[in-house]
Structures are given as C-alpha cells and as structure tokens.
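Subject: Model for your files

Hello,

Please find the structure below. My notes on it follow.

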Amino acid sequence: MERQPAVPGEWVEEGTASWYGPTFDGHRTSNGEIYNMHEMTAAHRTLPFGAVVRVTNLTNGRQTEVRINDRGPFVGNRVIDLSLSAAQAIEMVGPGTASVRLEVIAGPDPRTGVFAVQVGAFLSQENAERFRAQFAARYPATMATFDSPNGLFYRVRVGRFPSEDAAHQLAADLHATQQLTTFVVRLDE
C-alpha cells in the first residue's frame, strides 16, 4: 500500500529541540544512512523517514528545513534532534536546546503508520529479553537493536497501534502505573 503524501501545515508540534554532532558523525542512522552533521537532517521518534519538516526557533524566529532520517531524541521533553548545520541555521548551538515549532511540509503522511511504546533500553541483551518477557503476556513485545557510539543498545517496545494517539494512551498508563519512562515510537517497515 502506497503512503499518502503529507499536507503542508496539517501536522504541527511544539516542544524542545536539541542537536547532535561530532559523537554521532559518521555513524549509521536509523534509516541506514551514514549521519553527516553538516547535512540538514534530524531525528524524530514518530515522523516517517523522508518527511521534510520546517523548524522554527520560537525565541528568535529563525527557520530551517530538515529531512527526517533518524530516530530520537530519547530524552524526556525533547521533540527533535537536529544536525549541527540545522542547529546553526536557527542559532541554537550555544544554548544546546531551543523552543521550536515543527511543521511537516512534504513527505509521507505522518498520521499513518504503526506505533509502539518504548519502555526501556539496555546494554545487556539478557536484561532486555527479561524485561520484554514481562510485557509479552499482555502486549506484543519486541526488541530492537541500536548501535550507538556508546555501544549496542537493546530497546524494548510494547504494543502495536495504528495511531499515535492509541500508543500515547498506553505510554501514559505504563508511566502512571509502573513509573516507567516511556516514548512513543514509529515502527519502521
């Protein structure tokens, strides 16, 4: 099934942006590309790969456009990780973070896809498998690897939802009942 294209301005999000640079430069991104901190790219947890996003720094009004090619940030209260060049374009390198507005302007429709809740990330495959097994009786539970500059991580994800809103409901429930740090993520095909 072919994805429908995004409608500019129909998907908007506000939050905190951060940036990533030298430590990740030259490493593989989640979509398989090699990260180049001098390209106009970004990481987002749920936007489809290839989505083009206008990023506006709400403090100074500066804007840039980036292409989503990676997953993250996996830090609470952050909505996007920009490449060094994108961060420079909106003048946020010094402070490290900025309040931003994101607007999808091109690419696949961000509202369609399959979503899950990431409930943990482990350096030990055995610990990740034990944690995954705790959820497997109630939810589809999977493990995905992520080869970071800090080592190979095993990410545990639960649920399989046709909408981001349904995944957010499970994330909120798991956070409230089990005090887990949760992130809604797109399951990439």
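Ring pairs join Tyr20, Phe24 and Tyr35 into a cluster; rings of Phe, Tyr and Trp (its six-membered ring) count as a pair if their centres lie within 6.5 Å, with planes under 30 degrees apart called stacked, over 60 edge-to-face and the rest tilted. This is a predicted model, so local features need pLDDT of at least 70 and side-chain atom pairs count only at pLDDT 80 or more, while totals for chains, interfaces and linings use all residues. Residues are numbered from 1 along each chain as its sequence is written, and side-chain values use heavy atoms, with hydrogens and water left out.

Aromatic rings

The whole structure holds five aromatic pairs. One of them, Tyr20 with Phe24, is edge-to-face, at 5.4 Å centre to centre and 70° between the planes. Tyr20 is buried, at 8% relative accessible area, and Phe24 is partly exposed, at 26% (buried is under 20%, exposed over 50%, partly exposed in between, with a 1.4 Å probe and protein chains only). Phe131 and Phe135 also make an edge-to-face pair, with 5.2 Å between centres and 75° between planes. Both lie in helix H2 (residues 125–136), four residues apart, about one turn of the helix, and both are buried. Helices (H or I, at least four residues) and strands (E, at least two) are DSSP runs numbered from the N terminus.

Two arginines sit over rings (CZ of Arg or NZ of Lys within 6 Å of the ring centre and within 35 degrees of the ring normal): Arg71 over Phe49, 4.2 Å from its centre, and Arg155 over Phe146, at 4.1 Å.

Barrel

Six strands form a closed barrel in the order E1-E5-E2-E4-E3-E6, with mixed pairing; two strands pair if DSSP finds at least two bridges between them. E2 (residues 41–43) and E5 (residues 78–83) are antiparallel, over two bridges, and Ala42 has Leu82 in E5 as its bridge partner.

Cores

A nonpolar core is a set of buried Ala, Val, Leu, Ile, Met, Phe, Trp, Tyr and Cys residues joined through side-chain atoms within 4.5 Å. The largest has 21 residues, of which Val53, Val55, Val66, Ile80, Leu82, Val100 and Leu102 touch the most other members. Its largest share, four residues, comes from E6. Leaving out residues up to four places away in sequence, the contacts of Ile80 (heavy atoms within 4.5 Å) include Ala42, Val55, Val66 and Pro73. A second, separate core has 18 residues, among them Ala128, Val158, Ala171 and Leu174.

Regards
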